[in-house]
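Hi,

Here is the structure I promised to pass on to you. My notes follow below it, and I hope they make a handy guide while you look around.

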Amino acid sequence: TKYQPQVGDVVFQSLPHSTLTDTIEGATKSPLSHCGLIAHGRGGWVVVEANGSVKETKLEQWLAQGRGGNFAAFRFDAKYADKIPQMIAAARRRLGTPYDLRYELDDRALYCSELVYKAFHEAT
């Protein structure tokens, strides 16, 4: 089945092998090393992600950056549907925040899953 994006979907992928990617995948015991949130952007679907910094990447470009074009998408339970706009807004308020190579839970810098977690937490 072809993926039909929906605002608020959390998408995961395996980034190209690097020391950081291999460390993340080894620590989590998962081949999925990166995630972001689906949103509407100028000209189509985007992923709000923390990769280098928090930014919006066109979905097609985001998919192409992953190993083998593989990805997984998860949709929040319907009980959170009314919170999705606030979650996307919370993620976008963090645009430009640098990537967190220390993986600390402060707001000076963010890693990808921290961005998703904080956006969801703020919205709910």
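Let me begin with T21, which lies in helix α1; helices (H or I, at least four residues) and strands (E, at least two) are DSSP runs, numbered from the N terminus. T21 counts as buried, because its relative accessibility is 6%. Buried here means under 20% relative accessible area, exposed means over 50%, and partly exposed is in between (1.4 Å probe, protein chains only). Beyond its neighbours within four places in sequence, T21 is in contact with L15, P16, S33 and R67, where contact means heavy atoms within 4.5 Å.

Some ground rules before you go further. This is a predicted model, in which local features need pLDDT of at least 70 and side-chain atom pairs count only at pLDDT 80 or more, while totals for chains, interfaces and linings use all residues. Residues are numbered from 1 along each chain as its sequence is written, and side-chain values use heavy atoms, with hydrogens and water left out.

Now the sheet. It is an open one of 5 strands, in the order β4-β3-β2-β1-β5, with antiparallel pairing; two strands pair if DSSP finds at least two bridges between them. β4 and β5 (71-74) are at the edges with a single partner strand each, so one side of each has no neighbour in the sheet. From one strand to the next the twist averages 30°. Axes are lines fitted to C-alpha atoms, for helices over the stretch in contact, and angles run from 0 to 180 degrees between N-to-C directions.

Going through the pairings, strand β1 (residues 10-13) joins β2 in the antiparallel sense over 4 bridges, and Q13 stands opposite H34 in β2. Two helices pack on the sheet. α3 touches β2, β3 and β4, and its direction makes about 110° with that of β2. α4 touches β1, β2, β3 and β4, with its direction at about 55° to that of β2.

β2 and β3 are antiparallel too, with 6 bridges, and H40 faces W45 in β3. Their hairpin has 2 residues between the strands, and G43 there takes a positive phi near 85°. β3 also pairs with strand β4 (residues 53-58), antiparallel and over 6 bridges; K58 in β4 is the bridge partner of V46. This second hairpin has 1 residue between its strands, and G52 in the turn has a positive phi of about 90°.

Which residues other than glycine have a positive phi near 55°? K29 is one of them, and it lies in the loop between α1 (19-28) and β2. K29 counts as exposed because its relative accessibility is 74%. Y103 also has a phi near 55°, in the loop between α3 and α4, and counts as partly exposed at 32% relative accessibility.

Y103 comes up again among the aromatic rings. The whole structure has 7 aromatic pairs: rings of Phe, Tyr and Trp (its six-membered ring) pair if their centres lie within 6.5 Å, and planes under 30 degrees apart count as stacked, over 60 as edge-to-face and the rest as tilted. Y99 and Y103 have ring centres 6.2 Å apart and planes at 85°, so that pair is edge-to-face. Y103 and Y111 are tilted, because their planes are at 50°, with the centres 4.9 Å apart. Y99 is buried at 18% relative accessible area, and Y111 is buried at 16% relative accessibility. Elsewhere, ring pairs link F76, Y80 and F120 into a cluster.

On to the interior. A nonpolar core is a set of buried Ala, Val, Leu, Ile, Met, Phe, Trp, Tyr and Cys residues joined through side-chain atoms within 4.5 Å. The largest has 22 residues, and L37 and L115 have the most contacts inside it. β2 (34-41), β3 (44-51), α3 (84-92) and α4 (112-123) each supply at least two of its residues. Another core, of 5 residues, lies apart from it and includes V11, I38, V47 and W62.

Finally, the cysteines. There are 0 disulfides, taking a disulfide as a pair of cysteine sulfur atoms within 2.5 Å. The sulfur of C35 has its closest cysteine sulfur in C112, and at 3.9 Å that is too far for a bond. C35 is buried at 4% relative accessibility, and C112 is buried with a relative accessible area of 8%.

Happy exploring!
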